[in-house]
Amino acid sequence: MSYNPNEIEAKWQKQWDDEQAFEPSDSHEQKKKYILSMFPFPSGRLHMGHVRNYAIGDAIARYYRKQNYNVLHPIGWDAFGMPAENAAIKHGRHPKDWTYSNIDYMRGELNALGLSFSKTREFATCDPLYTRWEQEFIIKMYESKLLFRESTTVNWCESCHTVLANEQVEEGCCWRCDNPVQLKEMPGYYLDIIKYADELLNDLKILEGKWPHQVLTMQENWIGKSEGLEFEFELSEESKAKLDGRFEKYTVFTTRPDTIYGVTYSALAAEHPITKYLVENGLVESEVAQKITHIANMSERERAQSDKEGYSLGITVIHPLTGEEVPVWTANFVLASYGGGAVMAVPAHDERDYEFATKYDLPIKRVISGSEKLPYTGEGELIDSAAFTGLINQQAKAKIIGMFEEAGFGKGKINYKLRNWGVSRQRYWGAPIPFVHCKHCGLVPEKAENLPVALPDDVEITGEGNPLDNHPTWKYCDCPKCGKAAIRETDTLDTFVQSSWYQFRYATNPKKWNEIGIDKEDAAYWMGVDQYIGGIEHAILHLLYARFFTKVLRDLGYVDIDEPFERLLTQGMVTMDGAKMSKSKGNTVDPDKLIEKYGADTARLFILFAAPPQKELEWNDNAVEGAFKFIRRLFDRADKVTIDHLPNIDHEMLNKESKLARQKVYEALQKSGDVYEKTFAFNTLIAACMEALNALDRQNDEAVWSEGMYVMLNLLEPIIPHAASELSERLFKRANLSDTLKIRKEVFVQDSILYVVMIGGKKRTEIEVSPSISSEEILALAKEAGYKWLEGMCIVKEVVVPGKLVNLAVKPAT
RNA sequence: GCCCGGAUGGUGAAAUUGGUAGACACAGGGGACUUAAAAUCCCCCGGCUAUUGCAGCUGUGCCGGUUCGAGUCCGGCUCCGGGCACCA
């Protein structure tokens, strides 16, 4: 038979459409699988990374459908975001128009790949119906104090004209546009993710073995939990006077309370209120004040790259245990955003404190024994530490915290590197934050019946300022509470908010989408996502936010689960000439052209064959051709099939080649379960099928051919669905596709077994023996076969590995 | 600097988790068919030595160890990729 991919693929895609073949059943009786590939941003065209992502997910979804699971395999569009506005600025197109026409085009591309998505559950996150429910959640979060508004120093991207969350700053630059991020003081909305830090950290244990190890450690480090002591430094009387009595004390945090007797100075951030007061009121020399202001204006990134720098503030604090006066400095390495912006400095046992003390000639006092070399940050016994001297530092830590707590001037404290999630964006193309600023009532949430707060269509997008703020009328409204004139919030939500709950939206039956955001029962049935597939670049951002949102929605009573994604597969990048495919590098391969030339099945087969999904995939045009040839060969060999069902075969009656062919076929079948359910090493399954086809080719038995094709098409259908369906229809009336195949043990029974004979650890020869033979007999035969290498040797040890090999350890005979 | 990965032929990769390293493919070489080309089919294909015949040595980034046996386990390095980057 000849292979005409374009014709076949159009035929099957139409048939699947007509049959609505991939809609899950509404019934909750059946066992289920929820297979989800991360949804795409509608940028205009699919790229190879998408093709890979969806080929993997589709193979898994199709496999489970064959195993009689009720499968939810949805797709949608992560549709809000900056590129839509950039397109508006550049080409004068309305973001809405740009977005929805991109979606239409890309939907067609996904369709052409033969992906088995549920069509009834598709949505775009910019659909007002989606925004409506998101706004409801946001209001609920505000009411339970998880969402709050405050003015803080934020990461600001001048090129995107918007605020960025901490996670969205990569190497000091904006994650999206790569421009350097500046610090700016601004009001904004925050989600209290720190409140969930402990749970987000602890629940990583649930995901162990199910998520890539790498992602778990990245999240763990990002949360950055540390336990220590928080206490207050009281200012000396003289210093209080100098500060006009406005400050009495300040708080510091340390993870090393065991080194507290080694404190020789304290350091404040440039932004610390005391530092600011001193600078602003001329209480430090004007030259120093200037330098401090300069530091305060630097980004964290810039500060991290500069040398240690600091200035004496001319004030002192009292050491809480010794009563000694300790000088206070300001230092550029003290972060305002962590632990109160102030530290106790122990130069003997902290690298930063040591470097600083050496530079400015501050005293260094050793209090932990151990290495002679300073700074020493390891374990040891306390020295020179009053009542605690002699204790091991780990014990001392707990005792000192206990002592502080008893005395009431400090307490054990847990700190996180994780910072609260700033969700305000000063953009147009996002979900409006549904609040109103009222002169009389303050910040007021919009009434439920007025949701969604929708975006105005008539905007001017110039790239200058926030288009919603500039709109002539949109922001003027009545206060939902008192009815007087008020101003609508013009910030919109971070787009990561939309992707934090989309998994629940898909799980909700679309018939209920108008009435409800997330259906609890539907979610209980479908969630969590059994297999989630996406790029490693979301290891922290999206995956942490979605985990957080799941816990929040649970606590607000919307769902009953703790973790959204049961299993996670992170796919590798698609590269060409060793570099990531990108338009700017000009090394892209257009999926449309590939499909046009070879068909979707070839694209899918190549992508799954060329490398295991987790690894990087190097594009190779020749290998694509090879994938195409394999499918063509299947069509060619279809002529060998003469029986239209799974034949009964008397294995004993077959010749050696046919027996081997059956063995290869069933080896592939045996492998398939593991591949589709656990390892996702599709490359090895495809290789096993190629081996089976090669072995079938070397024999002539019609029944063995028929059986082989019956099994192989069944195994390959999730990977090359059009070709496999077509052949299965022509040869077996598709019976093989719905069949649950059983392993035939008899094909693995060998007439004889090949034993490798190793002598002195080296492979020397082989012997073919009957399977019923004893170890003694095998050894005897091995010695006979290997006499050549045994001459002049005596055997020290004999090892027989059943079914595999014989190893004779030898040494020269004396 | 710290934390994770990884390193196997010319290339992409396999290797039942301690048991014949290089399956399966791509590229390359040779041959068959053909007027010719394409397509298809067959053979060879880690390195070195030998080649009249068998064959021998060596080989999974490097050095060492455990073991009858190590790509796989242990210790110490080198290089590459990713993440974090003064978090007290």
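This passage describes chain A as a whole, then one set of strands and one helix. The model is predicted.

Chain A holds 814 residues, of which 53% count as buried. Its secondary structure comes to 29 helices and 30 strands. The C-alpha trace spans about 105 × 90 × 50 Å along its principal axes. Among contacts in chain A with a separation of 6 or more, 72% are made by residues 24 or more positions apart. The accessible surface is about 36100 Å². Carbon and sulfur atoms contribute 49% of that surface.

Strand E17 covers residues 435-438 and pairs with two strands, E18 and E20. With E18, residues 442-445, the pairing is antiparallel and involves four bridges. A hairpin of three residues links E17 to E18. With E20, residues 485-488, E17 also runs antiparallel, here over two bridges. His437 takes part on both sides. Its bridge partner in E18 is Leu443, and in E20 it stands opposite Ile487.

Helix H24 runs from residue 682 to 697. Its 16 residues should span 22 Å at 1.5 Å a residue, and because its end C-alpha atoms are 23 Å apart, the two values agree. Buried residues of H24 include Phe682, Leu685, Ile686, Cys689, Leu693 and Leu696.

Definitions and conventions:
Residues are numbered from 1 along each chain as its sequence is written. Chains are lettered from A and ligands numbered from 1 in the order in which they are written. This is a predicted model: local features need pLDDT of at least 70, side-chain atom pairs count only at pLDDT 80 or more; totals for chains, interfaces and linings use all residues. Side-chain values use heavy atoms; hydrogens and water are left out. Two strands pair if DSSP finds at least two bridges between them. The expected span of a helix is 1.5 Å times one less than its number of residues. Buried means under 20% relative accessible area, exposed over 50%, partly exposed in between (1.4 Å probe, protein chains only). Contact means heavy atoms within 4.5 Å. Accessible areas come from the Shrake-Rupley method with a 1.4 Å probe; for residues, only the protein chains shown count as cover.
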